[in-house]
Amino acid sequence: MAMAFKMATTGMWVTDECKNSFMEMKWKKVHRYIVFKIDEKSRLVTVDKVGGPGESYDDLAASLPTDDCRYAVFDFDFVTVDNCRKSKIFFIAWSPAASRIRAKMLYATSKDGLRRVLDGISYEVQATDPTEMGIDVIKDKAN
């Protein structure tokens with residue numbers, strides 16, 4: 001049986017798949033991004049979608065629903081001003097205006113528990129529409 005990590009504050013459980021996928025992204029670079037969703041009935045945070053190493057930030061943005069909340073992590077590679085290649089992991093809390101109030105509340109209260117399970121996040125972005133999580137926002141935070 002798969003292990004799950006309980007998030008005490010909300011009674012949500014984070015599946016092993018979430019943590020394992022994140023570790024594969026962080027250490028093996030096999031995913032560019034991971035989208036997580038909450039299954040309200042089972043109270044599980046699960047992996048909704050993974051993007052391969054060749055996928056872009058635009059692919060991640062396009063995969064987020066316009067009417068429901070999600071969490072996402074994105075592995076952002078960039079070159080610093082002194083020409084060093086770096087990688088930073090971004091956590092994105094996606095809560096579009098068209099999503100249900102209950103979903104917004106559930107995602108807001110469960111976010112910190114998931115972040116604690118995913119060790120190694122550099123920055124967090126909260127977005128209610130695509131402009132709030134544009135690639136320019138990511139670049140500004142990373143530099």
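Mentor: Rings of Phe, Tyr and Trp (its six-membered ring) count as a pair if their centres lie within 6.5 Å; planes under 30 degrees apart are stacked, over 60 edge-to-face, and the rest tilted. This is a predicted model, where local features need pLDDT of at least 70 and side-chain atom pairs count only at pLDDT 80 or more, while totals for chains, interfaces and linings use all residues. Residues are numbered from 1 along each chain as its sequence is written, and side-chain values use heavy atoms, with hydrogens and water left out.

Trainee: How many aromatic pairs does a search of the whole structure find?

Mentor: One aromatic cluster is made of Tyr57, Phe74, Phe76, Phe78, Phe90 and Tyr123. For the whole structure, the number of aromatic pairs is seven.

Trainee: Which kind of aromatic pair do tyrosine 71 and phenylalanine 91 form?

Mentor: Their ring centres are 5.7 Å apart, with 35° between the planes. That angle falls between the cut-offs of 30 and 60 degrees, and the pair is tilted.

Trainee: How many residues apart in sequence are the parts that this pair ties together?

Mentor: Strands here are DSSP runs of E, at least two residues, and helices are runs of H or I, at least four, both numbered from the N terminus. Tyrosine 71 lies in strand β5 and phenylalanine 91 in strand β6, so the parts tied together are apart in sequence by 20 residues.

Trainee: Are tyrosine 71 and phenylalanine 91 buried or exposed?

Mentor: Buried is under 20% relative accessible area, exposed over 50% and partly exposed in between, using a 1.4 Å probe and protein chains only. On that scale, both tyrosine 71 and phenylalanine 91 are buried.

Trainee: What angle do the planes of tyrosine 71 and tyrosine 107 make?

Mentor: Tyrosine 71 has its ring centre 4.9 Å from that of tyrosine 107. The pair counts as tilted because the planes are at 50°.

Trainee: Which helix does tyrosine 107 lie in?

Mentor: Tyrosine 71 is in strand β5, so its pair with tyrosine 107 ties together parts that are 36 residues apart in sequence. The helix that holds tyrosine 107 is α3.

Trainee: How far apart are the end C-alpha atoms of helix α3?

Mentor: The expected span is 1.5 Å times one less than the number of residues. For the 17 residues 101-117 that should give 24 Å, which agrees with an end-to-end C-alpha distance of 25 Å.

Trainee: Which residue is the kink in α3 centred on?

Mentor: The bend at a residue is the angle between axes fitted to the seven residues ending there and the seven starting there. In α3 the kink is about 40°. Among the buried residues of this helix are Leu106, Tyr107 and Lys111. The kink is centred on lysine 111.

Trainee: Which residue lies over the face of phenylalanine 91?

Mentor: A charge sits over a ring if NZ of Lys or CZ of Arg is within 6 Å of the ring centre and within 35 degrees of the ring normal. The distance from the ring centre of phenylalanine 91 is 5.7 Å, and the residue is arginine 115.

Trainee: Where is the place of asparagine 83, and is this residue buried or exposed?

Mentor: Asparagine 83 has a positive phi of about 65° although it is not a glycine. The residue sits in the loop between β5 and β6. Its relative accessibility is 64%, so asparagine 83 counts as exposed.
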